[in-house]
Amino acid sequence: MRNNMFVAGVLVSATLSFNALAHSDGHGVSSLQQAVNSDFRQDKNASRDDFRHPLETLVFFDINPSDKVIELWPGGGWYAEILAPYLAVDGQYVAGNFDTQPIDEKKREGYKAKSGKKFETWLQDNRQQLGKATTVTFDPPTHYVLGGDASVDVVLTFRNLHNWAMKDQLEPVFESAYKVLKSGGTFGIVEHRAKAGMDAKTGYMDEAKVIALAEKVGFTLVAKSEINANIKDTKDYPKGVWTLPPRLALDDLDKEKYLAIGESDRMTLKFTKNSQ
């Protein structure tokens with residue numbers, strides 16, 4: 001499943017992985033590799049590495065240990081378990097988290113508020129490992145502001161675009177990322193990749209349209225990678241992308257078939273905010 005050819009307006013060779021990692025860590029590959037291999041990570045999360053390629057993906061985005069990084073909607077903290085410890089000493093991890101105290105009382109007992117509270121508790125319980133890691137409320141359509149203009153080095157989002165696209169919120173989300181990034185900052189995206197014409201309700205997004213929207217907002221595509229590609233993914237399932245692992249929305253129905261396919265085919269895109 002692995003394919004380390006990086007494609008953009010220019011060809012980015014496979015050696016970029018090692019060069020970028022050496023740049024991002026003054027001691028070579030050690031610190032990011034240690035974060036990926038750390039016992040701090042939950043076993044259930046580390047078990048997905050063969051599908052999600054965290055080391056290669058973060059190398060591709062060129063995350064430095066001194067960066068201030070915002071991750072939009074970290075969910076259960078799959079990438080936070082890697083990024084927050086990696087940034088704990090010289091940088092800072094910030095989660096663009098769900099609203100934990102929504103005005104609507106019913107929503108306070110909903111999935112998003114409970115998930116957001118659980119993530120905040122995780123941060124507090126692991127303060128020694130996570131340094132200054134914190135959260136900012138990012139919950140469209142009521143909370144779009146990620147921080148002061150031009151105040152962070154990197155904004156990342158993993159498998160979230162379809163959620164905003166289904167509610168016509170994707171463009172203002174991209175605008176929020178653009179505003180908070182410093183000039184020359186990185187906007188990194190990993191998302192389920194659609195066939196042409198597929199609806200975002202399937203969980204898959206059209207790569208060309210994602211790129212076009214980011215460029216409309218002002219970003220420049222630096223490179224795109226096939227690190228997270230999966231040619232086995234036929235994208236024609238009864239429950240959309242959630243039919244595949246790890247969700248397995250059909251439960252035991254054809255379970256072995258979907259386990260054999262693995263996780264979804266994904267685009268991995270690196271944008272930059274143009275220098276002003």
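The model is predicted, so local features need pLDDT of at least 70 and side-chain atom pairs count only at pLDDT 80 or more, while totals for chains, interfaces and linings use all residues. Residues are numbered from 1 along each chain as its sequence is written, and side-chain values use heavy atoms, with hydrogens and water left out.

**The chain as a whole**

The protein chain has 12 helices and nine strands. These are DSSP runs numbered from the N terminus, with helices (H or I) of at least four residues and strands (E) of at least two. Of its 276 residues, 53% count as buried. Buried means under 20% relative accessible area, exposed means over 50%, and partly exposed lies in between (1.4 Å probe, protein chains only). The accessible surface comes to about 13100 Å², and 51% of that belongs to carbon and sulfur atoms. Such areas come from the Shrake-Rupley method with a 1.4 Å probe; for residues, only the protein chains shown count as cover.

**Salt bridges**

A salt bridge is a side-chain nitrogen of Lys or Arg within 4 Å of a carboxyl oxygen of Asp or Glu. The count by this rule is 12. Three of them are listed here.

| Pair | Closest N to O distance |
|---|---|
| Arg-48 and Glu-263 | 2.7 Å |
| Asp-139 and Lys-112 | 2.6 Å |

Arg-48 lies in the loop between α3 (43-46) and α4, and Glu-263 in the loop between α12 and β9, so this pair ties together parts that are 215 residues apart in sequence. Arg-48 is buried, with a relative accessible area of 16%, and Glu-263 is buried at 0%.

Asp-49 belongs to helix α4 (residues 49-52). Both Asp-49 and Arg-41 are buried. The charged end of Arg-41 also sits over the ring of Trp-78, 5.0 Å from its centre. For this label, NZ of Lys or CZ of Arg must be within 6 Å of the ring centre and within 35 degrees of the ring normal.

**Asp-265**

Asp-265 is found in the loop between α12 (255-261) and β9 (266-273). With a relative accessible area of 6%, Asp-265 is buried. A salt-bridge network links Asp-265 with Arg-193, Glu-207, Lys-224, Glu-226 and Lys-235. Leaving aside neighbours within four places in sequence, Asp-265 has contacts that include Glu-191, His-192 and Asn-228. Contact here means heavy atoms within 4.5 Å.

**Aromatic pairs**

A pair of aromatic rings is described by the distance of the centres and the angle of the planes. Rings of Phe, Tyr and Trp (its six-membered ring) pair if their centres lie within 6.5 Å; planes under 30 degrees apart count as stacked, over 60 as edge-to-face and the rest as tilted. The structure holds 16 aromatic pairs. Phe-138 and Tyr-144 have ring centres 6.4 Å apart and planes at 80°, so the pair is edge-to-face. Phe-138 is buried at 0% relative accessibility, whereas Tyr-144 is partly exposed at 21%. The rings of Phe-187 and Phe-271 have centres 6.3 Å apart and planes at 35°, so this pair is tilted. Phe-187 lies in strand β7 (residues 181-192) and Phe-271 in strand β9, so the pair ties together parts 84 residues apart in sequence.
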